[in-house]
Amino acid sequence: MSRFLKEQYRSMEAYTPGEQPRDMQYIKLNTNESPYPPAPSVVEAMNAEQVELLRLYSDPTAKNLKEKLAGLYGVRPENVFVSNGSDEVLNFAFMAFGGQGAVFPDISYGFYEVFAELYAINAEKIPLESDFSVDYRKYCGKNQLVVIANPNAPTGMTIPVWQIEEIVKSNPDAVVVIDEAYVDFGGETCLPLVKKYDNLLVTRTFSKSRCLAGGRLGYAFASPEIIADLEKIKYSTNPYNINRLTLLLGEKTVDAEDYYQEKCRKIEETRAWTTAQLEELGITVLPSKANFIFMKTDKMDGGELYKTLKAKGILVRHFTNPRICQFNRVTIGTKKQMETFIDTLKEVIL
């Protein structure tokens, strides 16, 4: 690092994204990307005429996309925020609402801890239970920014909406963020609670269930007042935060809802098949409602299994946290990809 970096950032540990190696052809099961392409109508929207329009700035209000999202989810446009990936919503939420501190699980999306450190927020990391579940009671009455991924990552486990409501009700003077990046794969959304509570912020992404990880598009639902806060920060940092093409593709994606729901159900079916295959091999798999599974085997060290699979052309995600270092997170790919994964795993551990 340079001698010019502010002191508060010198010891900060940045978020580590999933590997994107180019040394060989891999079956990529490490970054929770969709194995399926965008809907045909989305692909068709990317044409020369639209590329030529890149000379013009994008719409900073994202009016069309907001209206389409509002229509799809039964809210008003003023309840919708559109962002450069859901990470931007989370970034703004920590910046705007973390003044009294923040609480989140000790094992969850790694960016929560990074954002807390970035903004010098006093953060409490609440340990998951021994079975990796979230005890909602430990988040009640905190009156600090509460951030919970539901389904959680990397475990894939969920908490019921009634427990989320208890958290929201018991923290009336603080914002509660529910990160629903993976909710479309069998989880239960708490979106209806937005109409009932003015301190709830629900974040979503086009990266997983909408096959647009490379498009960098996210969105959120909240009261008009919270949305106005997020807009204020956006206009104070990067008003043109989403490029023209991504906005267009987002609109076309919303129009193709049936296509994406069908792909989500296919991923759920493949997840169930993969889980059954792993359990037949005596492998522990946590109950997942996401587009990935979290697994471990007594037959090989977690880190060694990750390295061995990588050498055979299959990428999974390994974490070094002592509580989960024996686990590996495996994205659900196509049925063919998962068959190859299971066959390779058998070669390795049997």
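How many disulfides does the count come to? Once that's settled, take me through helix α4: which of its residues are buried, and what covers them?

Analyst: Quick ground rules: this is a predicted model, with local features needing pLDDT of at least 70 and side-chain atom pairs pLDDT 80 or more, while totals for chains, interfaces and linings use all residues. Numbering runs from 1 along each chain as its sequence is written, and side-chain values use heavy atoms, without hydrogens or water.

On your opening question, the count comes to 0 disulfides, taking a disulfide as two cysteine sulfur atoms within 2.5 Å. Take Cys-190: the closest cysteine sulfur to its own belongs to Cys-140 and is 14 Å away, so that is too far for a bond. Cys-264 has a cysteine sulfur at 7.6 Å, the closest one, in Cys-211, and that too is too far for a bond. Cys-190 has 0% relative accessibility, so it counts as buried (under 20% relative accessible area; exposed is over 50%, partly exposed in between, with a 1.4 Å probe and protein chains only). Cys-264, at 1% relative accessibility, counts as buried as well.

Now to your helix. α4 spans residues 63–73 (helices are DSSP runs of H or I, at least four residues; strands are E, at least two; both are numbered from the N terminus). Its buried residues are Leu-65, Lys-66, Leu-69, Ala-70 and Tyr-73. Look down the axis of α4 and these buried residues fall within an arc of 135°, which means they line one face of the helix; the arc is taken from the directions from the axis to the C-beta atoms.

As for the cover over that buried set, β2 (80–83), β7 (200–205) and β8 (218–221) are among the strands that supply it. Helices contribute too, including α8 (224–237) and α9 (244–255). Contact here means heavy atoms within 4.5 Å.

Leu-5 has a relative accessible area of 32%, so it is partly exposed. In sequence, Leu-5 and Phe-115 are 110 residues apart; in space, their C-alpha atoms are 17 Å apart.
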